[in-house]
Amino acid sequence: MREMGNLTSKEEKHIQPESYLPNSTCSRPSKADRQHRRTARLGMVSKSMKSALNAELSSDFVTYYYNQTLDHFNYRPESYTNFQQRYLINSAYWGGANSSSPIFVYTGDEASITGVAAFAGFMVDLASRFKGLLLIESMDDDDRYYLILQHRYYGDSVPFRSKDIAFNNTSTLGYFSSTQALADYAELITNLKKNLSAENCPVIAIGGSYGGMLASWFRLKYPHVVIGALASSAPILYFDDITPHNGYDSIVTKDFRETSETCYTTIKQSWSEIDEVAAQPNGLANLSQIFRTCEPLNSSQQLKLYLEYTYEASAQYDNPPAHYVSDICNAIDGAPEGTSILGRVAEGVNASAGPPCHRIYDFQPSNMSGWLWQTCTEMVMPFGRGENDTMFQASPFDLNNYTKTCQDIFGASVTPRPHWITTEFGGHDIKSVLGNFASNIIFSNGLRDPYSIGGVLQDISESVVAVYTLKGAHCLDLGTPMPSDPDWLVAQRDKEIKIVALWLAEYNAKRPTS
């Protein structure tokens, strides 16, 4: 391992604890009502990553905590309060500050950073090619330096010294926003580069899903801190009415229909069948038996939400080598002749979740959910659908109901701001705006990902580009490259590597020589 030096020698804001036990658990944010439940699934790591989420960190990784500023945008006495922001560094392969080797930064999001580190092996590949310092967790390969930044209010990076206090009321939660998080990253990176005498090392931001949104916004807001950004599966246009409300479920429907017309038709017909059975005497008991639920159903809505989530998650994470949508449709279509519609759907769910029974909960929103707070304040993504425009029953987006849910959870003073993200970061007339004011951003997508409909899918300029595949789904390009990867995925990553190489070459060509 190349020696980084003692980070506390120059700046006491970077603290290395004597010991660290990594958090080995990661769960998706709580699912509340229909709209909030969908908004809460902006995660990069799929249901197939359970083992990765429990991965232990390599001994090459060192955990640090930075004494981060609580409030970057005000000058009240409490604004100067600090909290400990967690980040991890692996300097084993870094080319070093004198070589101006790049620093790759993962813009931490709502996901477990251990899970991200285990999944996002493409960052390792980038770091090994360019002898980079990687601001991400748990990786190893040739020449690079690693660090991941944890988003405030998630994991161990909680202000006020405890989550109970931080989430106690809107006064303590008021510092929880994407803009504060981006300012955290800017301050930490700037301070760390100075501490490492690495002021001339270019920084590239990388993120997936919400982290991808942050990466692109980081480049827009802090172009003097990061020279470029790779934003994977980043639905930055799923705000206001830029993207149709039914866009997400339209892509889910498209994925299933392209896989099997009969599977699509069976699912579409199943909702009214569920309602019909539920209305009969002992109907819920019969549904519980058909779908082999672990506990008796409380309502037909409980079952339908579970099925919705199963189909949506299967489409979102339908990446090779897994084929979740095909697994469901093969089971539905392969049921014995004469099997009822609900019997076929139950076979599909069994193929997705497996025996012996399905644990179906009444998901209740929690005021301890970080992502729910974000969706109740600034991250208002209007998911909805009408009659017959998807394979699901109608569920239109209703801002009044959305607001009421948020106020029931966090208090009457919390009112969602549905237009704030486009005000702060833009979104309308994106081609003109980014064409005039942005550079060095890759928006990567797989068109089977339901969130891709809210992504940037056309080149904006020579340096703000869209790289997508027809077959990929959510954040696939950030995964660890494997020999079995299909040619189209290899080509997508190769294109991204060439673009990053161009950014670095242009940066080095313009850098003054001593």
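This is a short tour of selected sites in a predicted model.

**Stop 1: the surface patch**

Select Leu457, Tyr468 and Leu470. Together these residues form a nonpolar patch on the surface. Leu457 sits in the loop that runs between strand E9 (441-446) and strand E10 (464-469). Its relative accessibility is 30%, so Leu457 counts as partly exposed.

**Stop 2: a pair that bridges the chain**

Stay in the loop between E9 and E10, and move to Tyr451. How many aromatic pairs does the structure hold? There are 21. One of them joins Phe383 and Tyr451 in an edge-to-face arrangement. The ring centres are 5.9 Å apart, with 80° between the planes. This pair links distant parts of the chain, since its residues are 68 apart. Phe383 belongs to the loop between helix H15 (370-377) and helix H16 (399-410). Are these two residues buried or exposed? Phe383 is buried, with a relative accessible area of 0%. Tyr451 is also at 0% relative accessibility and counts as buried.

**Stop 3**

Select Phe218 and Tyr222. They too make an edge-to-face aromatic pair.

**Stop 4: an aromatic cluster and its neighbour**

Next, select Tyr153, Tyr154, Phe167 and Phe176. These four residues form one aromatic cluster. Lys163 lies over the face of Phe167, 5.1 Å from the ring centre.

Now show Arg161. Arg161 is found in the loop between strand E6 (144-149) and helix H5 (163-166). Check its backbone: phi is near 70°, a positive value in a residue other than glycine. With 84% relative accessibility, Arg161 counts as exposed.

**Stop 5: around helix H17**

Go to Arg417 and Trp420. Arg417 lies over the face of Trp420, at 4.5 Å from the ring centre.

Then pick Thr422, which is in helix H17 (residues 420-425). Thr422 counts as buried, at 11% relative accessibility. What does its side chain contact? It makes a polar contact with the side chain of Asp240, at 2.8 Å. Show the backbone of His419 as well. The backbone oxygen of His419 is 3.0 Å from a polar atom of the Thr422 side chain.

**Stop 6**

Select Asn67 in strand E2 (residues 62-69). Why does Asn67 count as buried? Its relative accessible area is 18%, and buried means under 20%. The side chain of Asn67 makes a polar contact with the side chain of Gln84, at 3.3 Å.

**Stop 7: backbone details**

Display the backbone from Pro320 to Pro321. The peptide bond between them is cis, with omega near 10°. Pro321 is in the loop between helix H12 (300-316) and helix H13 (324-333).

Finish at Cys475, in the loop between E10 and helix H19 (487-510). Cys475 is not a glycine, yet its phi is positive, at about 60°. Is Cys475 buried or exposed? At 0% relative accessibility, Cys475 counts as buried.

Technical notes
Residues are numbered from 1 along each chain as its sequence is written. Side-chain values use heavy atoms; hydrogens and water are left out. Patches are made of residues with over 30% relative accessible area and no salt bridge: like charges are joined within 9 Å, nonpolar side chains (Val, Leu, Ile, Met, Phe, Trp, Tyr) within 5 Å. Accessible areas come from the Shrake-Rupley method with a 1.4 Å probe; for residues, only the protein chains shown count as cover. A salt bridge is a side-chain nitrogen of Lys or Arg within 4 Å of a carboxyl oxygen of Asp or Glu. Helices (H or I, at least four residues) and strands (E, at least two) are DSSP runs, numbered from the N terminus. Buried means under 20% relative accessible area, exposed over 50%, partly exposed in between (1.4 Å probe, protein chains only). Rings of Phe, Tyr and Trp (its six-membered ring) pair if their centres lie within 6.5 Å; planes under 30 degrees apart count as stacked, over 60 as edge-to-face and the rest as tilted. A charge sits over a ring if NZ of Lys or CZ of Arg is within 6 Å of the ring centre and within 35 degrees of the ring normal. A polar contact is a pair of N or O atoms within 3.5 Å; within protein, one must be able to donate a hydrogen and the other to accept it, and residues adjacent in sequence count only if both atoms are side-chain atoms.
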